Amino acid sequence: MSHIVVRFPPSPTGHAHIGSYRTAIFNYLYAKQKGGKFLLRIEDTDKERSKKEYQDGILESLEWLGLSYDGEVSIQTENVASHTKAIHTLIDAGHAYISKEEAKDGSGVIKEIVRFKNPNKRVVFNDLILGEISVDSTDLGDFVIARNINDPLYHLAVVVDDMESGVTHVIRGMDHISNTPRQILLIEALSGKIPEYAHIPLVLGEDKQKLSKRKGALSVLEYKKMGYLPSAILNAAAFIGFNPGGEKEIYTLDELIQVFDLSKVQKGGAVFNPVKLDWFNQEHMKLMSEDAYIEYVTPFIPTSVVENVDTASLKKILLIVRDRLSYAGELANMDTDPSYTYLYSSNSSLSTEEISNLLLVPEKMRKGTEVTKESTAAILNEVKSILENTTEEDYNTVESIKEKLWSFAEEKGRGIVLWPLRIALTLQEKSVDPFSMLYILGKSESMVRVQKAIDVMVQ
């Protein structure tokens, strides 16, 4: 196989979303698997809409995702000399001509545009995903390739840049299929080598329409700000329209390089599911070491929480909520969200009567056992006795503290023991399990909270 060269050619006309970077990912995976080159070209021929901030965003996004490109970044408008030379070559060979036409803005101004002289032939190419595609170029007419002799348009610029870069494979979205016949005609007229084409399925939103910024698609950098892992974005994006087969779904970048296969890319549109992305991010968080995970999420925690909760307790809290986090940014409301505040604060607006009622085991969990304030206080007193005989070391893991209480819970009934214990520790109808709370609070604070619950029930 000859040396593989692919390119990712984004336009700096806006902040690109995950669908655009899916194209970059497919190109990168293919190049690295084949030992080839992955080139980056900024296609800024749309001078009015192109902005440096968008170009900088592209570079930052690729760096964050770990998609390193080979060589220097190519800027399309900096290659105008080559484009102009190609235009002259086409005109001299009779493949293009200057056409004097009235401007479409109704101003009456006559402009000299450059049109490609269509040979009116059938263009046939073998798409690596879709198979053979045949197009009658007659329908394309003599299409415009430059606004004037020194101002090339997209089709001409792309062809020249690809030829000069030695691009061997063009992997891009299916919305570019209509561009391919034009570009093949230009390559043939310039005596260039036609690359292999692979048109990948469009990325669709949940409404089955093409994913777009206008419809709320987030940019990759917005996902970064929200606290998603780049490895999760890569994994999720790679699986939009591609599946290597089997049950395994969680892949690192190196693993994706090993299994990527254009023949396994689907032909139809592929839906991007944000919920699935959250799942990918959760799974990639699980692959992190405890220290790496803590370092990853800490910047998203409100300063007030970091300053007022001791480091050891905060670490325990973060480890406990790890499995329920979709992305690190969900911790940004940790100082006000009731589903988090109870984990580090015992403040409650509940009245004594409300706490008392909450401590009573719900009927569906009693399994016929009668529950009263007195019986609940008795259960909590026995729990307190067990806790008195624990050591601080017993609170080092959730499992170790669970071992101390589990036999008692089995004997009396799990609901009968664990419900009032959990409420005593959290004062929340919905919360983490009591063993996790004991782990977070430690022996001293846990016993204080259990005693408070007992006092409520014996008043």
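Biologist: What does the side chain of Ser 339 make a polar contact with?
Modeller: In this predicted model, the Ser 339 side chain makes a polar contact with the side chain of Asp 337, at 2.8 Å.

Biologist: Where is the place of Ser 339, in terms of helices?
Modeller: Ser 339 belongs to helix 13, which covers residues 338-341.

Biologist: How far apart are Ser 339 and Asp 207 in space?
Modeller: Their C-alpha atoms are 32 Å apart, and the two residues are separated by 132 residues in sequence.

Biologist: Now to Lys 208. What is its phi?
Modeller: The phi of Lys 208 is positive, about 65 degrees, although Lys 208 is not a glycine. Lys 208 sits in the loop that links strand 12 (203-204) to helix 6 (220-226). Its relative accessibility is 54%, so Lys 208 is classed as exposed.

Biologist: What about the phi of Leu 427?
Modeller: Leu 427 is not a glycine either, yet has a positive phi of about 55 degrees. Leu 427 is found in the loop between helix 18 (414-426) and helix 19.

Biologist: How far apart are the end C-alpha atoms of helix 19?
Modeller: Helix 19 (residues 434-458) has 25 residues, but its end C-alpha atoms are only 22 Å apart. A straight helix would reach 36 Å at 1.5 Å a residue.

Biologist: Where is the kink in helix 19 centred?
Modeller: The kink is centred on Gly 442 and amounts to about 115 degrees.

Biologist: What happens at the start of helix 19?
Modeller: A side-chain oxygen of Asp 433 comes to within 3.0 Å of the backbone nitrogen of Phe 435.

Biologist: How many residues of helix 19 are buried?
Modeller: Of its 25 residues, 18 are buried, so helix 19 is largely enclosed by the rest of the structure.

Biologist: Changing topic, what is the order of the open sheet of four strands?
Modeller: The order is 4-5-8-9, and the pairing is antiparallel.

Biologist: How many bridges join strand 5 to strand 8?
Modeller: Two bridges join strand 5 (residues 110-116) to strand 8 (residues 144-148). Val 114 has Ala 146, in strand 8, as its bridge partner.

Biologist: Which strands does helix 3 lie across?
Modeller: Helix 3 (residues 80-92) lies across strand 4, strand 5, strand 8 and strand 9, and runs at about 100 degrees to strand 4.

Conventions: Residues are numbered from 1 along each chain as its sequence is written. This is a predicted model: local features need pLDDT of at least 70, side-chain atom pairs count only at pLDDT 80 or more; totals for chains, interfaces and linings use all residues. Side-chain values use heavy atoms; hydrogens and water are left out. Two strands pair if DSSP finds at least two bridges between them. Contact means heavy atoms within 4.5 Å. Axes are lines fitted to C-alpha atoms, for helices over the stretch in contact, and angles run from 0 to 180 degrees between N-to-C directions. The expected span of a helix is 1.5 Å times one less than its number of residues. The bend at a residue is the angle between axes fitted to the seven residues ending there and the seven starting there. Buried means under 20% relative accessible area, exposed over 50%, partly exposed in between (1.4 Å probe, protein chains only). A polar contact is a pair of N or O atoms within 3.5 Å; within protein, one must be able to donate a hydrogen and the other to accept it, and residues adjacent in sequence count only if both atoms are side-chain atoms.
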